[in-house]
Amino acid sequence: MDHPERPVPIPEPQKERVIAPPPEFNRNVMGSSAGAGSGEFHVYRHIRRREYARQKYIAERARKEEKDNAFHEKIEENKKTAEQRTAKKRAKRLKKKMKAKIKKTTDAKASTKGTKLDQEEEEDDAGDNSAHSESCTD
């Protein structure tokens, strides 16, 4: 961090190695068995080393693909469970919201009914008083 204005080199990922095709077998090579010349063993050893490296690469690639597939399956499973939890919580929120809305409307209706009843009682009381006052004057 001595020079923050200087760009930081970010290395590029390694390119995937290209696999060599399987070797064509040379039947003249005697291998490491008895009777082979001194030069034949080196040819055999080179072919054997290349084949083992090729098999190792194929096994590593298969293992990597298997791990990638398992990882992607795990990711999909996690997404699915998260979506299920989210849907459940969403349903719960909507249910709570609807209950609150229904309660609010019923409370509003009850309060309007209550005010109407209070007004009617007042009118009845006023009507009773006027009737009472009229009967008293008679």
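**Notebook: a helix and its charges**

I searched the whole structure and found one salt bridge, meaning a side-chain nitrogen of Lys or Arg within 4 Å of a carboxyl oxygen of Asp or Glu. I note that this is a predicted model, where local features need pLDDT of at least 70, side-chain atom pairs count only at pLDDT 80 or more, and totals for chains use all residues. Residues are numbered from 1 along each chain as its sequence is written, and side-chain values use heavy atoms, without hydrogens and water.

Which side chains meet in the salt bridge? I found Arg54 and Glu51, at 3.0 Å from N to O. They sit three residues apart in helix H1, so about one helical turn separates them. Helices here are DSSP runs (H or I, at least four residues). Glu51 counts as buried because its relative accessibility is 17% (buried is under 20%, exposed over 50%, with a 1.4 Å probe).

Buried residues make up 4% of the 138 residues.

Last, I looked up Lys96. I found Lys96 in helix H1, which covers residues 38-137. Is Lys96 buried or exposed? Lys96 counts as exposed, because its relative accessibility is 65%.

Note on methods. Helices (H or I, at least four residues) and strands (E, at least two) are DSSP runs, numbered from the N terminus.
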